[in-house]
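Reader: I have the model open and want to go through some of the contacts in it. Can we start with the strands?

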Amino acid sequence: ENSSQSSIMRSKPKHPYEKISSEEEAATQTTPFKMIGSITLGSLALAAITWSSYSLISADHNPPTLTGRNPTLSTDRNPLSSSNFVEISAINITSSYEQRWSGAKLPKWATKKINFSIPKEQKICFAHVGKAGGSTLGCSLGFSLHCHDDGVGVGVDDASVQMENHTSSSLLAKLTTHIFHNDVYNCDDDAGYILFIVRDPVARALSAFNYDKPDENDFLHDTNWANKKAHFYFDCPFPHMEDFVQNGLREEGDAPDRCKRLAIESLQGIDSHKDQSPGHWYLNYQYYLEEIPSDSKIFTIRNEHIEEDIRSIENFFECNEQERLALTKSVNTNTWSDQDDLYLSDESISILCRALCNEIQFYKKILHRAINMSQDQLRVSLSELEAKCPHEAIAEECLDVIPDIGEKLRDNRGY
């Protein structure tokens, strides 16, 4: 999922996938969420690390010893196979989202056309963090989202059949039964695993900024949405991410004080004007990690190493070669032609890293909790992060206090 706008994705409703639902479904959707506990450590190998600190990396730049981080199945557990699971009708799939909210209907994008009966201890819920590459992965896992193969000579109907055939054979697609994205938390709290898709926080921030910037087509076809976003992008001097950083985050920036406050609050996910600023900044790594049960077992797929991490999860379940997951295309996989939208100076990257310090710490926590990642894989990602944000990558705490997002979680989840 590249950080770009797409004419296919016009017009943008409140939820990026909401256009797939009918107008009647959209009118009945309600936002759920509640804060579930504090973040705790799920791996005995990391028990000596203090999770109340904002960083999980020692001052000598070396990650802690991660004995057993590339787990193997116990000898009394048989490898899973797609043939072990029976296909069931969608009407037999329970939705925790609908159970929490009387009268609410799970949006179509969060459903799967092909479903299987999976024991709860083996179920995986997909935490689709926005602008981290989750649409491509979600489509491959069988969720409706906005998925089809747009390749030359392949029609939508043909691609749909191809995807159905693929998800019928993929073990990981079968095990991943539910999804959590934005304000729709449809995970069972007793699910066996949570599957995160993550991306370098600076790259994710840039992608989210560009994704919500209105263009001429938006002002023609989704005027209300575009006018709201214009307050952030154009009333404030933030036409490009470089301008946002230089004018809004830099102390000597040219933006009015009002815009500077909006800049830092929106980037840190505490913005009261979230309808104006990039929506995926508001729903950040802290939000996704604090939403799930504190004792959840976490798989993590890094956008930068997506194929490798998919294989590591499949190896965890001793997946057969013929049951491997193959990535499919998504309409939300876009390309950019305006290089100004992608440009960030070295100075701006440094400023952005400081402003994203707490977000970077939550990103590191997700990496450290991943039971499918080896010590070497973790070290690679931390080294990549350090190359871009050297101070924040090894920081033990940030200058900014971690935001209390309890109200946000209660408002979105409902209890």
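Reader: In β6, which residue is the bridge partner of Ile124?
Author: Tyr193 is the partner of Ile124 there. Strands here are DSSP runs of E with at least two residues, helices are runs of H or I with at least four, and both are numbered from the N terminus. This is a predicted model, in which local features need pLDDT of at least 70, side-chain atom pairs count only at pLDDT 80 or more, and totals for chains, interfaces and linings use all residues. Residues are numbered from 1 along each chain as its sequence is written, and side-chain values use heavy atoms, with hydrogens and water left out.

Reader: OK. How many bridges join β3 to β6, and which way do they run?
Author: Four bridges join β3 to β6 (residues 193-198), and the two strands run parallel. Strands count as paired if DSSP finds at least two bridges between them.

Reader: And what about β3 with β4, how many bridges there?
Author: β3 (residues 124-127) is also joined to β4 by four bridges, again running parallel. Ile124 faces Thr176 of β4, and Cys125 is opposite His178.

Reader: Are the faces of β3 buried or exposed?
Author: Both are covered, with Ile124 and Phe126 on one side, Cys125 and Ala127 on the other, and all of them buried. Buried is under 20% relative accessible area, exposed is over 50%, and partly exposed is in between, with a 1.4 Å probe and protein chains only.

Reader: How many residues of β4 are buried?
Author: Six of the six, so β4 is largely enclosed by the rest of the structure.

Reader: What does β4 form with β5?
Author: A hairpin, with two residues between the strands. Asn182, in the turn, has a positive phi of about 55 degrees. The pairing with β5 (residues 184-185) is antiparallel and uses two bridges. Phe180 has Tyr185 as its bridge partner in β5.

Reader: Changing topic to aromatics. How many aromatic pairs does the structure hold?
Author: 23. Rings of Phe, Tyr and Trp (its six-membered ring) pair if their centres lie within 6.5 Å; planes under 30 degrees apart are stacked, over 60 edge-to-face, and the rest tilted. One of the pairs is Phe180 with Tyr288, which is tilted, at 4.8 Å centre to centre and 40 degrees between the planes.

Reader: Which residues form the aromatic cluster?
Author: Phe209, Phe232, Tyr233, Phe234, Phe238, Phe244 and Trp281 form one cluster.

Reader: Which ring does the charged end of Lys174 sit over?
Author: The ring of Phe116, with the charged end 4.4 Å from the ring centre. A charge sits over a ring if NZ of Lys or CZ of Arg is within 6 Å of the ring centre and within 35 degrees of the ring normal.

Reader: And Lys365, over the face of which residue?
Author: Phe362, where Lys365 lies 4.8 Å from the ring centre.
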